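Subject: Structure for your review

Dear colleague,

I am handing over the structure below, and my notes on the ligand sites follow it. Please read them alongside the coordinates.

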Amino acid sequence: MRIDLHVHSTASDGSLTPGSLVAAARAGGLDILAIADHDTVAGVRVAQDAAAGSIHVIPALEISTRHAGAELHLLGYYVDPLRPSLVQYGERASSARTERMREMLELLAGLGIRIGYDEVLRAAGTRPESIGRPHLARALLDRGAVRTIGEAFDRLIGDDGPAFVPTKLITPAEAIEIVHGAGGVAVWAHPRPDLLDAGLPALVDWGLDGLECYRPRVGPADADRITAVAARHRLFLTGGSDWHGEWQGPLGGFAVERDDVSEFLEIGGI
Ligand code: AMP
Ligand code: MN
Ligand code: MN
Ligand code: MN
């Protein structure tokens, strides 16, 4: 059994629609896929309908939070996409992202690069629920203001860039409450091994359920460390590619096995 528990669709900053994502997952030999878009579950039902049982699609989302002055991402799994608290969170996050995109466009205009909001939407190709920097980077590329997506981040919109505006983010405690309120479980996404000891006690207090462990480019030493820490705090493990598009290789090129994430699958009755 081949499993990927962390992929993005065009509902946020992925390059494939939820339906195409399911087709690509099937072609890549995956049996279980979790659609975990930034701050929205808008792609989940479409993907489940497209899969029609051919592969198992787990409802999920990736919530950006701020903790101790830094961004910390939490994955929510097995959430009910129709739960009002979750829908409300998605709407609030979506308008905060729209407002923030407009502020970034103003900063770019101040630097002599005039791009309209409609150009960002056009670069996104669809109308994403969660508009983000990758869409803006594509618009900058289309305009010829940069030569690569990387250059857009390095020179203009990266965390230290002159046109960067941070999103207004909720706290991890609030995010965990939203996930639990929607019937789901909360997982710390791509935890930095050096931040585990400092960050975990508070997150566990707030009800954290699991740690994302298996990822492309995470070596055995870091995976062992995350596994040991998870056992100590009675957290389950997950794993996924954080796939956004073909430039990361084919979907299914990275997968975890059932044994790696069996506790997580059992919680979902899978
Ligand atoms: P946002 O949520 O709008 O702040 O955008 C963050 C997203 O931008 C991340 O989820 C990544 O997909 C992408 N990203 C961040 N840094 C880079 C980078 N240096 N190059 C390409 N994509 C990046
Ligand atoms: Mn992303
Ligand atoms: Mn993330
Ligand atoms: Mn992600």
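To begin with the metals, the manganese ion that is ligand 2 and the manganese ion that is ligand 4 are separated by 5.0 Å; please keep in mind that this is a predicted model. The manganese ion (ligand 2) is coordinated by an OD atom of Asp13 and by the NE2 atoms of His38 and His244, at 2.2 to 2.3 Å, and along the chain these donors follow the spacing D-x24-H-x205-H. Because histidine 38 lies in strand β2 (residues 32–38) while histidine 244 lies in the loop between β7 (236–239) and β8 (256–257), the pair ties together parts that are 206 residues apart in sequence.

Turning to ligand 1, its surroundings consist of Asp13, His38, Arg97, Arg100, Gly132, Arg133, Pro134, Phe153 and His244, a shell that by class has two nonpolar, three polar and four charged residues. Oxygen atoms of ligand 1 lie 3.2 Å from a side-chain N or O atom of aspartate 13, 3.1 Å from one of arginine 97 and 3.3 Å from one of histidine 244. Ligand 1 exposes 510 Å² when taken alone, and the protein buries 66% of that. The space that ligand 1 takes is the largest pocket, and the elements giving two or more residues to the shell around ligand 1 are α3 (84–110) and α5 (133–143).

Best regards

Key:
Residues are numbered from 1 along each chain as its sequence is written. Chains are lettered from A and ligands numbered from 1 in the order in which they are written. This is a predicted model: local features need pLDDT of at least 70, side-chain atom pairs count only at pLDDT 80 or more; totals for chains, interfaces and linings use all residues. Side-chain values use heavy atoms; hydrogens and water are left out. A residue is near a molecule or strand if one of its heavy atoms lies within 4 Å of it. A polar contact is a pair of N or O atoms within 3.5 Å; within protein, one must be able to donate a hydrogen and the other to accept it, and residues adjacent in sequence count only if both atoms are side-chain atoms. Accessible areas come from the Shrake-Rupley method with a 1.4 Å probe; for residues, only the protein chains shown count as cover. On a 1 Å grid over the protein atoms alone, a cavity is a set of points where a 1.4 Å probe fits but cannot get out, and a pocket is an open set with protein on both sides within 12 Å along at least five of seven lines; lining residues have an atom within 4 Å of a point. A molecule sits in a cavity or pocket if more than half of its atoms lie within 2 Å of its grid points. Helices (H or I, at least four residues) and strands (E, at least two) are DSSP runs, numbered from the N terminus. Ala, Val, Leu, Ile, Met, Phe, Trp, Tyr, Cys and Pro count as nonpolar, Asp, Glu, Lys and Arg as charged, and the others, Gly among them, as polar. Donors are N, O and S atoms within 2.8 Å of the metal (3.2 Å for Na, K and Ca); water is not among the atoms, so sites may look incomplete.
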